[in-house]
Structure formats: structure tokens, C-alpha cells
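User: I would like to learn how to read a pocket and a helix contact in a protein model. Could you take me through them slowly?

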Amino acid sequence: MIRKIREDELSVLAALEKDLFPSDPWSEKEFLYEFNDNPFATLIVYEEDGKILGYADFWITYEQAQIADIAVVREAQKHGIGQKLMKWMISQAVKEGCENLTLEVRVSNAPAISLYQKNGFINAAVRKHYYEDGEDAYLMIKPLGGIEYDNDISA
């Protein structure tokens with residue numbers, strides 16, 4: 001099930017983030033900022049049997065949407081959870097009338113790039129030295145304007 005996160009679960013996200021992105025994890029403080037102070041952010045989780053298996057931070061800023069963070073726990077990867085989170089975010093962006101959905105991804109993150117391409121994202125640019133460790137990122141964009149999207153988020 002996909003749902004909005006509760007504030008008392010942010011420490012869980014920070015711990016998962018540290019495991020999944022050891023070279024550049026978001027801190028609990030950053031998640032708290034997104035939850036309490038970023039008026040454009042929506043934090044969601046994918047949960048099964050009371051356990052958070054995936055999460056995303058999604059921004060809608062007027063006619064633009066951006067995926068700020070998305071991850072699936074290691075033991076649940078390659079089971080369609082990332083696709084479900086993507087489908088939910090794309091659906092929300094379309095409902096809000098967004099023209100584009102953007103994200104940055106490490107150039108070395110082939111599984112994520114594949115997921116994004118499967119969902120209609122295209123490489124638009126390279127952001128040089130984007131990450132703290134100096135790795136570049138692809139700026140990827142999915143045009144949304146005029147698209148009707150299946151808003152069944154349970155699939």
C-alpha cells in the first residue's frame with residue numbers, strides 16, 4: 001500500500017537512506033525539513049505487512065513536479081515496488097496539471113535509469129559533479145502535458 005508517511009517514521013527513512021546511499025544519504029534532519037517545512041513536498045511510503053519497503057519524496061511546484069528521492073529496500077528490489085511508487089507520483093503530477101516531471105540520478109545507477117526510461121523519462125542533461133563524491137548526475141525529464149494517465153495506484 002502507498003500512503004503518506006507519518007512524522008514518527010522519519011527516523012526509519014533516515015536509517016534506510018544510510019543503508020541504501022552510504023556515500024550521500026539524507027539525514028533525519030533533512031527528512032524532517034521536507035516533512036515540516038517544505039510546502040511543496042509529499043513524502044510517501046510503500047508498506048506491506050507493517051514494514052516500509054520503499055519511499056519517495058515528491059515535489060509539486062506549480063506546473064512542475066520533481067522526484068527528490070526514491071528508494072526501495074535491498075531485499076524488496078526487483079519486485080515492482082519502485083514501479084508502483086513511480087506510477088503513483090506520475091498520476092499525482094498529472095492530476096495537478098504538471099507539465100513535466102524531473103529527477104536527477106547518478107550516471108552509475110543503471111537499475112534506476114532503466115526504471116525511469118521504462119516510465120518515459122529522457123536524459124535531458126548532465127549535471128557535472130552533482131553529488132558530494134563528485135559523481136555526475138543525469139537530469140531526466142518526463143513530459144506530462146496533455147497526458148491522460150491511469151490513476152489506479154494499486155497496480
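User: How many residues line the largest pocket, and which of them lie nearest its centre?

Analyst: Rolling a probe the size of a water molecule over the atoms shows where empty space is left. On a 1 Å grid over the protein atoms alone, a pocket is an open set of points where a 1.4 Å probe fits, with protein on both sides within 12 Å along at least five of seven lines, and lining residues have an atom within 4 Å of a point. This is a predicted model, in which local features need pLDDT of at least 70 and side-chain atom pairs pLDDT 80 or more, while totals for chains, interfaces and linings use all residues. Residues are numbered from 1 along each chain, and side-chain values use heavy atoms, without hydrogens and water. Here 43 residues line the largest pocket, and Phe21, Ile70, Asn109, Ala112 and Tyr116 lie nearest its centre.

User: Which strand gives the most to this lining?

Analyst: Strands (E, at least two residues) and helices (H or I, at least four) are DSSP runs, numbered from the N terminus. Strand E4 gives the most, seven residues, and helices H3 (81–95) and H4 (110–118) are among the elements that each supply at least two.

User: Where do H3 and H4 meet?

Analyst: Contact means heavy atoms within 4.5 Å. Gly82, Gln83 and Met86 in H3 meet Leu115, Tyr116 and Lys118 in H4.

User: At what angle do their axes cross?

Analyst: Axes are lines fitted to C-alpha atoms, for helices over the stretch in contact, with angles from 0 to 180 degrees between N-to-C directions. The axes of H3 and H4 come within 11 Å and cross at roughly 45°.
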